[in-house]
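Open the model in your viewer and keep the selection panel at hand. Each stop below says what to select and what is there.

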Amino acid sequence: MIFSTLEHILIHISFSTVSVVITLHLISLLINEIVGLYNSFEKGMIVTFSCITGLLVTHWIYWKHFPLSNLYESLIFLSWSFYIIHMILYFKKLKNNLSTIIAPSAIFTQGFVTSGFLTEMHQSSILVPALQSQWLMMHVSMMVLGYAALLCGSLLSVALIIITFQKGIISSFDKRKHLLTKSFFFSEIKYINKKVKILQSVFPLYVRNYYRSQLIEQLDHWSYRVISLGFIFLTMGILSGAVWANEAWGSYWNWDPKETWAFITWTIFAIYLHIRTNINLQGANSAIVAFIGFLIIWICYFGVNLLGIGLHSYGSFN
């Protein structure tokens, strides 16, 4: 009873906190990035991350299994993974644009967790025999971490597409993109920003296009890095799942709906990484593939749970 009450308190504190801090952050962006509001945003994200971590640990201790046995538990872990990625970008000093894109993912995930759709899943039960394995932590954690990283990277790519086609990007960006990446680190670009401000009063259109191209460069760079990390996690998750399936069901691969869509997801992002090796196809072209992958991930993650079919149907909606 105590553990259940503690879980309830932690999940609602985390959801309330992240709702408030994201609102403050959006206000700070609209009012020329007020420093005080931004600091409150980061402190709130740290508090929320601590609450989610405490919730996972409490759930693990009370139910005596790693909290990844059903959709409710995996969504909490997915939300926690979003915070991990946010913290990485925060410590990389990418505080504004990328955080604004990734942070809302956590609030939508937690909003769904605290909704009434998963009420019957809040109380865990004895694991089915297939889940009573040490592979549960390895396989499912790698898959969810992979989904989280791929979703975040894909969101950055979606933002890149929107910015690129919103008003039309200058053609010189594509020609100078490789040279800019090769010549400057992002820390050096910050120094260039000071010089560009001098031109702002004289060439406002040029400066606006410059900042837009710089933002697209940053989005393209970090979406590639985050998706690459997610692809590694996804690959490890699929391989560990194959070993676990052989132990539980006697076959490494059964073309179960979940397995099939996981393979499709892996293929889409493998295509994305292959396209990224071609300089002429970087930017918006590869971002479109990432957007397709974004849609495929949600089909893979919720598809089986909505239909309740296949060998992975133990995590479906009741």
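**Annotated spans**

Start with the record. The unreviewed UniProt entry annotates residues 12-32, 44-62, 74-91, 98-118, 138-165, 222-245, 260-275 and 287-311 as "transmembrane region". Keep in mind that the model is predicted.

Select residues 44-62. This span is 100% helix and 0% strand. Its end C-alpha atoms are 27 Å apart.

Now select residues 138-165. Here too the listing reads 100% helix and 0% strand. From end to end, the C-alpha atoms lie 40 Å apart.

**A helix pair**

Two packed helices are described by the angle between their axes and the distance between the axes. Show helix α5 (residues 135-166) together with helix α9 (residues 257-276). Their axes come within 13 Å and cross at roughly 45°. The two helices are therefore oblique to each other. The crossing of α5 past α9 is left-handed.

Which residues make the contact? On α5, pick Met143, Leu150, Ser154 and Ser157. On α9, pick Ala262, Thr265, Phe269 and Tyr272. Colour this contact by class: 5 residues are nonpolar, 3 are polar and none is charged.

Move to helix α10, residues 284-307, and select Ile288. Is Ile288 buried or partly exposed? Ile288 counts as partly exposed because its relative accessibility is 40%, and the buried class ends under 20%.

Val158 and Ile288 are 130 residues apart along the chain, yet their C-alpha atoms are separated by 7.6 Å.

Technical notes
Residues numbered from 1 in each chain as written. Predicted model: local features only at pLDDT ≥ 70, side-chain atom pairs only at ≥ 80, totals over all residues. Heavy atoms only, no water. Helix = DSSP H or I, 4+ residues; strand = E, 2+ residues; numbered from the N terminus. Buried < 20%, exposed > 50% of the residue type's maximum accessible area, 1.4 Å probe, protein only. Axes fitted to C-alpha atoms, helices over the stretch in contact; angles between N-to-C directions. Parallel < 35°, antiparallel > 145°, perpendicular 65-115°, else oblique. Left-handed = near helix turned anticlockwise from the far one by under 90°. Contact = heavy atoms within 4.5 Å. Nonpolar A, V, L, I, M, F, W, Y, C, P; charged D, E, K, R; others polar. UniProt positions renumbered as here; feature names shortened; annotations may be inferred.
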